[in-house]
Structure formats: structure tokens, C-alpha cells
Amino acid sequence: MWHRIAAFIINFRIYLLVILLGITVFMGYQATKVQLSYDSTGAIPTDNPKYLEYQEFKKQFGQDGTMMVVAVQTDRFFEADFYKAYSSLVGQLQKSFAIESVLSIPTSIVLTKDTISDKLKVDRLAASLGGTNNIDSVQSTFLNLPFYKGLLYNPETKAYMMALYINKDVLASKARRKAIAEAVALCDAFGKSQDIEMHYSGLPFIRTQVGLKIEAEMKMFLMLSLLLTAVILMLFFRSFSAVLASMVVVAVGVIWSVGTMTLLGYQITLLTALIPPLIVVIGIPNCVYFLNKYHSEYSKHGNKIKSLLRMVDRMGIVTLFTNLTAAIGFGVFFFTKSKILKEFGLVAGINIMSLFVISLVFLPALFSYLPAPKSKHTNYLDSKWLNKLLSLINHWVFVQRKWIYIISGLLTIVSLIGVSKLKTVGYVVDDLPKKDKIFTDLKFFEKHFHGVMPLEIVIDTKRKNGAVSLPVMQKIDELGIALADYKELGHPLSFVDGVKFARQAYYDGDSSSYGVPNMMDGAFIQPYLRAKPNKEAKANAGGDMFHKLLSTFMDADKQKARISINMEDVGSVRLPILLDSISPKTYALFDTSKYNVTFTGSSIIFLEGSKFIINSLRDSLALAFIMIFGCMIVLFYSWRILLISFVVNIIPLLATAGIMGWMGIPIKPSTVLVFSVALGITIDVTIRFLVSYKHELGRYKEDIPNTVRHTINDTGLSIIYTSLILIAGFGVFALSNFDGTKSLGFLTSLTLLLAMITNLTLQPAMLLWLNKAGRDKKSSTKWLEDGEDELDVVEEQ
């Protein structure tokens, strides 16, 4: 079949090149429309109970995680110049197109009792005390309001915070970049004028900044991988045309991959952002295999067209299966229930196979028009240092074979011990460097306000108006007091805090009266809770914040109450322990026979998503093993070959896992991805070696030792060069700002290096074992020999 494909490509090369150009132009147009994703729930399946609870929460109470926080630490906050400038900053932020409201000290509200109208009066604190001209009164009154303590300021550390509530539709669009950038620019200008450091955090800020870093790194990795592979190819082939042709192949592959995202309706995520540089890294070996065969054939007989035909005929099947196994390594993610893994697996799988088609068609078609290779372009075939290295490998395989087995066995044992030390843990921002401002600012908020990660507790009383009953309010308050004992949790906020605020107002602002109403004063508080803000409060765009607080933390029927907590980024190990500790105290107050209690929020979704991704990747790795080695059975018809392939490829994976254990690198989505990626790529080297071995076995009359020696010499060159290209290509990820991406690059490069060594040493050593264990039947090479004579006829024509 492959000889006919080779002849077809050469005979119809003009039409095929035009088709490739047309598809690339179309894909290029689609690629210009790709967008970044800001969705944080894509990791978890849509039928997961936690996901469904979170969607129900958003339906009733709105989107959580829309709050960006800005903080300063100073002992001169209430000095006239500073406070006036701060108030001016808040006013500017309120004018932003994306910010719905600002909760801050200048916009804080005060409740007072209007004895004439018998209603609760809601005013801006500053406005009620004469604005910024009476800052001393503002300070004394504000500090007498327990409602804001721990929410907007920390009296012990002199840290002051404001919360910017950003429109959820803006956060779901590109406009979020502009909104966050404008807010940061205004705050930075204030910080510069006051010579004070500004601190930023909150999920909108973190996700936007991380998204920008992803986009920048995607471009950087793409350029670096192209540059690095170009340099290696130039050193390898010493041919500008060979380098340019290879760069065109991977460039077309990158365009197709980004265009595929748009056509499938996908956006760029942290995972899909890796696909373009992966396409570069995976596409180059295709070019090396094809061009190496083209040059080696041409050096034998000097016939260019015959060399191109034999290139396709000999390497077509090899490249097909190497790309197929790589595509399987990535494509198995499509069979998970995780949205982001599905997208990554499908786009990667499709475009790895597209790379095969692009290289298969483009390279022979292009080189049929270019001049024949010169002697300097094929000198690498006789590289002295490589020939010495291959001679050394042959010596180890044939003379020191026992040491290969011993070293492999010891490496496996040490690796298994390291695997036993592996731990699974993940944090929202743990992939960022510890010195990155996003990370340090998050730690600032954890230190002074116990974090910004949303945790939500929903109490369903199962009856209308049940949430506003006095016993329920007392229970919610008791739960809030219990939660305050956890150092990882910030100030719990619920409608009960508003009720306590109203009670303080009822008793003329006495801070000692800030508490849940009792049987005596409960009846008096109810009318105040039903009061609406006066016209002045509405006019100043924030006076109705008290009533918004009540409506935001109860549903319309007042059946369900919400307790909102900002917490530290405690990680996937500590979070379930923390929830297991909180749950008994919650259920002790809210009997499950009378109440339904739900723990949800972005923190819970992150935990579930992280666990699901890790479990899915483990399952996908097992599926990839089955599918890839199924391909090996189809390709080689031999259980012994299958066993050798398994051992040769499992040792590098075990060694990498062991190194992770010894070095304390945890299992998390970014690091567990290494194993599926590496398996799909390392098996390519195995196939390349075994196909050559099977092909030469018949030529050397089933003489296994002679065949092994010739196979090492014949394939060693291309295996070493392609491995070096892959190692260097993945090595560029080590320049990432994300620790997870760094680990992906370092660990994948390490796995590929170990795989190159095992494929060139352990694999031929085990093939020699076939001499004693019994040889495969000659019929197993028939698929390689079919059509040999017919190919010669085609070449003569």
C-alpha cells in the first residue's frame, strides 16, 4: 500500500500542495478568532453532585468569586491627606464600567434609629458626619462598628481593605482584562502618590493575571521551541532547505491546531495553551525520520525520486504508528468527563494525526522540486562521535548485557521506593513562583484577613420564612462563632450580621449591643429589617448596601440562608480535613432531619476539580497503555515484542515517578500529565527501533544478534537526534513562571532521556534474549516485505 501512496504523492504533488495551502489559509483565519477561557469549573463533570450544588447556589444567590480586593497597610489611614486621597480613589473606582459596587471605609454605611418615623435610617457613614472634613468623627464612629472589624480592617496590623464587586458578564468576557487593568492602574497611581505598596487579590484578579501570563508564555514557548529546533536541525542536516521545510511543517501544524480550537468552539485554557509548542516538538521528529531516510537512500544510489519514494514507503508506516501512539497518549483524555481534559485530548489527538498527513504530503512534494542533497548535507550520516557512541552502545549490549539488567533492576527498585513517597496536593496558585506578586499578595491577605478564597455554607430550613426565625438566627450566629476558631477562615458573613448591626442601631449605636436579638427586642427589630433605604442613601450609590446584604444572603422566600466565608488557599489535602472538622459542628446545630446543609463555593469546586483531573489522568494513562500496546500487537504480532516494549517504556516512567517522590514533587494535574504525554512519545522511539529490527530480520536470515547490531547502527542516529530535539523542546517549558509547567518540562525531558537510553540499551539486550527464548515466526515481517518488487517497478517507471 505505501508504495502506491508514495507514487500518488509524487504524481499529484501540485494538487496536494494547493489543497494544503487552502486548508492552512482557512485554519489561519479561524485561528485569529480564538479566545482565552476564564471558566474555573471546566475540570469537574457537569453531573458531579458538587457541581450541581454549585450551579443551584449560583442560581439562587448569584455568582461567587466576583470580588476583587485591594488593601494597604499603614498607620496614617485616617490622616486627612491620606483619607481624602483614598476616598477620591474609591470614587474613581465606582465610576468604572465593570464595577457594580465598592465596599470600603469611605462607602461604609451606618444605621440609626429614626424615632419619628419608627424606621431604620441607612446613611453613608462619612456623609452623615460631614464627609472628609470631619475625619476624626468618621474614625471614631467607624471603629465603634464591630460589623466591619475583620471585614474591612485589621486593628492589630493596621491593614485596610476594599472590595470591588465586578459584573459577572464582564468577568466572562475579554472586557475583564480592561476592567482589572483600569482598577489596578488607578490603585497604582494612588499608591505612587502616597508612597505606599498596594496589594491585590481575589479570584477575578488572580484568574485574569494568570490568563495573561498563560497567553504570554504560549507565545514565548512557541518562538523558543521553533528557534531551538531550528538550531538543532541546522546542526544535524547542515541544510537550510531541510530546516525551512521542517519549520513549515510544524508552523502549518500550529496553525491547524489553533484553528481547530475555534472550529470546535473551544477556548485557550492552561492545558490547550500547551498544544502549539507540543505540536512543534512532536512534529520535528516526523521531519527527522523522513529526511534522514531520504538522505540515507540518496547516499546509496544518488537517485532523488527513488529516494523520495523509498522514504515514504519505508517511513510512512513507522511515522503513522508513531503519530498514532502519540495521538492516543493525548487523545485518551477525551474519554474523561472533565471538560478541559476532553478539549485538550481531542484537539491534541486530531492535530498530531494532522501532522502526519502534513509531513507525509509536504516533504516529498517539496523536495521533488528542490535540488538533490549535496555531500555536506549527508555528512552527518558518518558522524565520528556518533559512530563512537553507537559502537559503545553495541559493546554494552553484547558484552556488558548483565550490567544493563543489573542497573535497570536497581533503578526500578529505587524508583519504586520513591513512588511510595509520592503525595497528592494542589493549591489554587501553587504553580506560581513564591516571589510572584500574585502569590505574595495572596499571602498578605491570608495573614491580615485570612484569605480570599470563597467558601459557602447554605442552610435550608425547609419552610418559608424559616431563615428569619429567632432560633435559626441564633444557630447561624453560633456557627459563625465556631468558625472563627479556625485560623484558615476569615470573617463569616451572613444576613445575621446585618441583623446584629440593626440591633446595635436600635440601642443607639452601643457596640456592646451588637448581637442577635433576644425574645425581648426581637419584635422591635423586625420593622427595621423591613425598612427601605431613604432617597439620600440611594442617591449616594451605596446606602442601600445594608438591604442588599440581607437580600444577597437569603432567597426570596427566606427559606434558605447563606454564610459566606473567605478562606486561605489551604490546598487539596487540608481542605477536606477542614471541611470534615466543620461539618460535625454544623450538623450539631442544624439537625439533618430539619435542615439541609450544603458546603459549596469556588474552593469546593477547585478541590473536586483537582481530585477529578488527577484520577482521570491516572485512568487515562491505563487506557493509553492498553490502546498503545494494542497497536503494538497489530504491528508486530508477537507477545515477546509486546513484553519488551512494556518493560522498556515502563522503566523511564517509574524512574520519573520515583524522582518526583524523592524530590518531594507532588502529584497534581500538571505533573501527572507528564506520564501520559511521555508514554505517547517514548513509544515512538520503540516503534522506530522495532520496525527497523523486523525489517532487517528477514534480510539477515533470522540472525538476531547480527540484526540487533545493524539496527542499532541504522536507527541509533535518528533516535538520538529526535530524542535530543524532544528533550530540548520540552526543556523550554522549564522557563515558565508556573511551577507546574516547569515540572512538566523538566520531568518530561527526563523521561525522554531515560527512554532513549533504555530503547538503545535495554531493548536490544532483551531482543538478544529471543535467541534463547525462541524466535518469532518469519511471517511476522510479511507486512514489511509485501510490495517490495512492485515498488521497484514503480521506481523504474
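# A tour of helix pairs and strands

Start by selecting helix 17 and helix 22: helix 17 passes helix 22 in a right-handed crossing (right-handed if the near helix is turned clockwise from the far one by less than a right angle, left-handed if anticlockwise). Before going on, note that this is a predicted model, in which local features need pLDDT of at least 70, side-chain atom pairs count only at pLDDT 80 or more, and totals for chains, interfaces and linings use all residues. Residues are numbered from 1 along each chain as its sequence is written, and side-chain values use heavy atoms, with hydrogens and water left out.

**Stop one: helices 17 and 22.** Color residues 470–483 and 571–589; these two helices pack at an angle of about 160°, with their axes 10 Å apart. Helices here are DSSP runs of H or I with at least four residues, strands are runs of E with at least two, and both are numbered from the N terminus. Axes are lines fitted to C-alpha atoms, for helices over the stretch in contact, and angles run from 0 to 180 degrees between N-to-C directions. The pair is therefore roughly antiparallel (over 145 degrees). Show side chains for Lys475, Glu478, Leu479 and Leu483, which meet Ile582, Thr586 and Leu589 of helix 22 (contact means heavy atoms within 4.5 Å). By class, this contact has four nonpolar, one polar and two charged residues (Ala, Val, Leu, Ile, Met, Phe, Trp, Tyr, Cys and Pro count as nonpolar, Asp, Glu, Lys and Arg as charged, and the others, Gly among them, as polar).

**Stop two: helices 25 and 27.** Next, select 669–699 and 739–760, where helix 25 and helix 27 pack at about 25° with axes 9 Å apart. That makes them roughly parallel (under 35 degrees). Their crossing is right-handed. Contact residues include Val677, Ile681 and Phe689 of helix 25 and Leu744, Leu747 and Thr751 of helix 27. By class, the contact has 12 nonpolar, nine polar and no charged residues.

Now display the open sheet with strand order 9-8-10 and antiparallel pairing (two strands pair if DSSP finds at least two bridges between them). Strand 9 (560–567) and strand 10 (596–600) are at the edges with a single partner each, so one side of each lacks a neighbour in the sheet. Strand 8 (453–460) pairs with strand 10 over five bridges, and Ile457 stands opposite Phe599.

**Last stop: strands 2 and 6.** Finally, select 99–103 and 159–166, an antiparallel pair with four bridges.

Key: Parallel < 35°, antiparallel > 145°, perpendicular 65-115°, else oblique.
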